[in-house]
Amino acid sequence: MDRTELEAAITERKETLLNVKRGLIERLNLYHTPEQIDDDTPLFGSGLKLDSVDATELLVLLDKKFGIRVGEGDDPSYMRSVNTLASFIIEKKHSDALANSNDFVPSVEQ
């Protein structure tokens with residue numbers, strides 16, 4: 001990875017983290033600002049104290065804000081913290097982009 005790619009990856013991660021925090025605040029009506037939520041804040045338990053209803057809202061957030069549908073085979077550990085959620089979103093976007101680019105079949109003219 002060269003410097004340009006590294007800078008792009010860092011920028012993408014920062015933007016994704018901010019969008020995750022904003023999305024959580026808006027979707028779950030949290031009384032926080034993005035700056036008050038640490039990247040390593042757990043989503044459940046002692047962190048943001050989300051519950052099972054919030055978990056469902058989290059799935060809706062992923063679909064509506066990020067265009068990501070969670071499959072049954074996806075490891076639920078992405079819901080551990082803001083950081084793991086951001087990593088999940090970035091990974092899904094990259095794998096979806098790769099899958100879409102592999103779907104392209106050039107036409108062969110004769």
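**Notebook: charged pairs, core and helix packing**

I started with Asp39, which counts as partly exposed at 26% relative accessibility. A reminder to myself: this is a predicted model.

**Entry: Asp39 and its partner**

Which residue does Asp39 form a salt bridge with? I found Lys21, and the closest N and O atoms of the pair are 2.6 Å apart. Asp39 sits in the loop between H1 and H2 while Lys21 sits in helix H1, so this pair ties together parts that are 18 residues apart in sequence.

I then checked Lys21 for itself: buried or exposed? Lys21 is buried, because its relative accessible area is 10% and the cut-off for buried is under 20%. I also listed what Lys21 touches, skipping residues up to four places away in sequence: Pro34, Ile37, Asp38, Asp39 and Val82. So my note on Lys21 reads: a buried residue of helix H1 with a salt bridge to Asp39.

**Entry: the other salt bridges I looked up**

The count for the model comes to five salt bridges.

Next I looked at Arg27, which forms a salt bridge with Glu57, with the closest N and O atoms 2.6 Å apart. Arg27 belongs to helix H1 and Glu57 to helix H2, so the pair ties together parts that are 30 residues apart in sequence. Arg27 is partly exposed at 36%, and Glu57 is partly exposed at 25%.

Then I went to Arg3, which forms a salt bridge with Glu7 at 3.2 Å between the closest N and O atoms. Both residues lie in helix H1, four residues apart, which is about one turn of the helix. Arg3 is exposed, with a relative accessible area of 65%, whereas Glu7 counts as partly exposed at 40%.

**Entry: the core**

How many residues are in the largest nonpolar core? I wrote down 23, and the ones with the most contacts inside it are Leu24, Leu43, Leu62 and Leu85. Helix H1 (3-28), helix H2 (52-66) and helix H3 (82-102) are the elements that give two or more residues to this core. General background: in soluble globular proteins, nonpolar side chains tend to be buried together.

Leaving aside neighbours within four places in sequence, Leu24 is in contact with Asn29, Leu30, Leu43, Leu48, Leu58, Leu61 and Val82.

**Entry: H2 against H3**

At what angle do H2 and H3 pack? I noted about 45°, with the axes 12 Å apart. H2 and H3 are therefore oblique to each other, because an angle counts as roughly parallel if under 35 degrees and as roughly perpendicular from 65 to 115. The crossing of H2 and H3 is right-handed. From H2, Leu58, Leu62 and Phe66 make the contact, and from H3, Leu85, Phe88, Ile89 and Lys93 do.

**Entry: two positive phi values**

I came across Asn29, with a positive phi near 55°, and Lys49, with a positive phi near 60°. Asn29 is in the loop between H1 and H2, and Lys49 lies in the loop between H1 and H2 too. Asn29 is exposed at 57% relative accessible area, and Lys49 is exposed at 62%.

Terms used. Residues numbered from 1 in each chain as written. Predicted model: local features only at pLDDT ≥ 70, side-chain atom pairs only at ≥ 80, totals over all residues. Heavy atoms only, no water. Core = buried A, V, L, I, M, F, W, Y, C linked by side-chain atoms within 4.5 Å. Buried < 20%, exposed > 50% of the residue type's maximum accessible area, 1.4 Å probe, protein only. Contact = heavy atoms within 4.5 Å. Salt bridge = Lys/Arg side-chain N within 4 Å of Asp/Glu carboxyl O. Axes fitted to C-alpha atoms, helices over the stretch in contact; angles between N-to-C directions. Parallel < 35°, antiparallel > 145°, perpendicular 65-115°, else oblique. Left-handed = near helix turned anticlockwise from the far one by under 90°.
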